[in-house]
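Let's take a walk through a protein model together, one piece at a time.

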Amino acid sequence: MRALRLLAMALHCCWLLRGAQAKTLRGSFSSSSARETRGQSIGQFQFRGDHPLLCVRINNIATAVGKEAKLYLFQAQEWLMLQESTQDYSCTEKLSKAQLTVAINYTEHNLTLSQIPYPQTWYVFYVDKFTCKEDHDNSELEDIPFEMVLLNPDAEGNPFDHFSAGESGLHEFFFLLVLVYFVAACIYAQSLLQTIKKGGPMHTVLKVLTTALLLQAASAFANYLHFSSYSKDGIGAPFIGSLAELCDIASQIQMMYLLLSLCMGWTIGRMKKSQSRPLQWDSTPTSTGIAVVIVFTQSILLFWEQFEDTNHHSYHADHSLAGTLLIILRVCLALSLGGGLYQIIMVERSTLKREFYITFAKGCLLWFLCHPVLAATALILNDYQREKVITMGVILCQSVSMVILYRLFLSHSLYWEVSSLSSVTLPLTVASGHKSRPHF
């Protein structure tokens with residue numbers, strides 16, 4: 001029950017954070033907030049193409065006119081230059097740098113931007129006549145409820161697309177991903193289930209790997225549902241979107257524990273056993289303890305990253321401290337585990353075992369390094385391309401990694417069934433007198 005309550009709290013918090021990035025924005029224009037921050041931040045959007053649209057609707061026209069309410073739009077490049085500038089701009093001077101200004105004096109106001117040659121991020125701020133006044137008490141002023149819709153042109157050139165330039169294509173990507181998972185399940189699910197039911201030395205590995213894959217598939221399906229709803233109203237299903245992120249985090253944790261348990265078990269076992277004895281996967285207190293500590297650290301960083309970056313996707317362009325630490329952790333693990341596997345491969349005389357380790361090393365390193373490599377590559381791309389490249393690239397690379405591991409473990413599981421010499425020729429075998437089996 002306690003775990004369920006913690007899960008519900010995490011989902012609720014992620015839901016609240018995610019709502020801030022919806023492209024149909026609802027809230028209140030506040031003179032107090034605008035004065036405190038020299039312009040109330042309403043949201044941001046990556047406009048693209050011919051004639052994108054900003055539509056704002058309010059009911060309290062009299063209050064808006066009395067306050068001389070306005071919306072100021074800044075291009076991201078100009079806004080960042082103002083933020084980083086050493087020159088001390090006054091409130092009025094900073095606002096005068098805005099590329100567009102919209103007076104809020106109608107119940108509904110539509111602002112059509114001129115043709116944008118390439119996708120650009122725009123920041124929207126609310127300002128009124130009290131924003132730059134230092135000595136005015138506006139605590140009694142009434143807030144103005146609003147609804148704002150930010151739209152890009154669709155394939156026919158009409159402003160109906162809620163997706164920003166950085167999100168376009170993700171809906172179609174998750175649809176194709178779910179379709180692939182469904183087709184693969186129809187083809188392989190029955191035979192995989194039969195293999196797992198037979199038991200054997202690969203039994204636990206296949207169960208954990210299958211659980212991680214099911215979590216990844218659930219994350220893809222939840223993302224598809226969220227983006228399907230998002231494409232219609234610009235809000236989507238934030239709770240489902242947060243559930244997708246949590247499923248992905250659970251999959252990451254499951255895979256991390258699997259790979260670490262295997263690699264740590266081999267490395268530590270190699271140091272304790274003579275070279276003549278068959279290599280076994282031992283769930284020793286040392287290997288289990290190391291795996292648990294590293295997985296716990298990764299879990300903290302994953303949740304920290306989700307709460308620190310409100311632009312929620314399963315993967316980020318790593319502007320946050322948590323994202324940077326997560327990348328460093330994965331690189332260090334890849335170097336450490338890769339080095340351990342390399343040493344084992346170099347001294348291994350059995351061709352079968354050597355091929356097993358080499359294939360496993362490929363799948364392992366691909367899993368750990370795909371995110372750091374793609375995040376580094378994304379630095380040379382435009383802002384609107386980074387999230388998409390990282391999100392799609394990491395999911396595809398990790399899917400390929402899972403396929404490599406599945407082929408490896410399934411092929412060796414079949415060999416173990418027909419070979420009476422499997423206990424001395426294959427890695428990951430469990431001796432008959434060995435009572436300790438790894439648990440996940």
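**A guided tour of the model**

Before we start, remember that this is a predicted model. Our first stop is an open sheet of four strands, arranged in the order β2-β7-β4-β5 with antiparallel pairing. Which strands stand at the edges of this sheet? They are β2 (40-49) and β5 (100-103); each has a single partner strand, so one side of each is left without a neighbour in the sheet. Direction ignored, neighbouring strands here are turned by 25° against each other on average.

What holds such strands side by side? Strands of a sheet pair through backbone hydrogen bonds, either parallel or antiparallel. For an example, find strand β4 (residues 70-75): it runs antiparallel to β5, and four bridges join the two.

Now move to strand β8 (residues 144-153). Is β8 mostly covered or uncovered? It is mostly covered, with eight of its ten residues buried. Let's meet its partners. Strand β1 (residues 24-29) pairs with β8 in the antiparallel sense over six bridges, and F29 stands opposite I144 of β8. Strand β3 also runs antiparallel to β8, joined to it by six bridges; here L54 is the residue opposite L150 of β8. Then comes strand β9 (residues 159-161), which makes an antiparallel pair with β8 over two bridges. In that pair, N152 has D161 in β9 as its bridge partner. Together β8 and β9 form a hairpin, with five residues between them. Look in the turn for G157, which has a positive phi of about 90°.

Let's finish with two pairs of helices. Helix α6 (residues 170-197) and helix α7 (residues 203-233) have axes that come within 9 Å and cross at roughly 155°. An angle over 145 degrees counts as roughly antiparallel, so α6 and α7 are roughly antiparallel to each other. Their crossing is left-handed. Sorted by class, the residues of this contact are 15 nonpolar, eight polar and one charged.

The second pair is helix α10 (residues 321-347) with helix α11 (residues 351-378), which pack at an angle of about 165° with their axes 9 Å apart. α10 and α11 are therefore roughly antiparallel to each other, and their crossing is left-handed. Which residues meet here? On the α10 side they include I327, L337 and L341, while the α11 side includes F360, L365 and F368. The residues of this contact divide into 18 nonpolar, two polar and two charged.

Technical notes: Residues numbered from 1 in each chain as written. Predicted model: local features only at pLDDT ≥ 70, side-chain atom pairs only at ≥ 80, totals over all residues. Heavy atoms only, no water. Axes fitted to C-alpha atoms, helices over the stretch in contact; angles between N-to-C directions. Parallel < 35°, antiparallel > 145°, perpendicular 65-115°, else oblique. Left-handed = near helix turned anticlockwise from the far one by under 90°. Contact = heavy atoms within 4.5 Å. Nonpolar A, V, L, I, M, F, W, Y, C, P; charged D, E, K, R; others polar. Pairing = 2+ DSSP bridges. Buried < 20%, exposed > 50% of the residue type's maximum accessible area, 1.4 Å probe, protein only.
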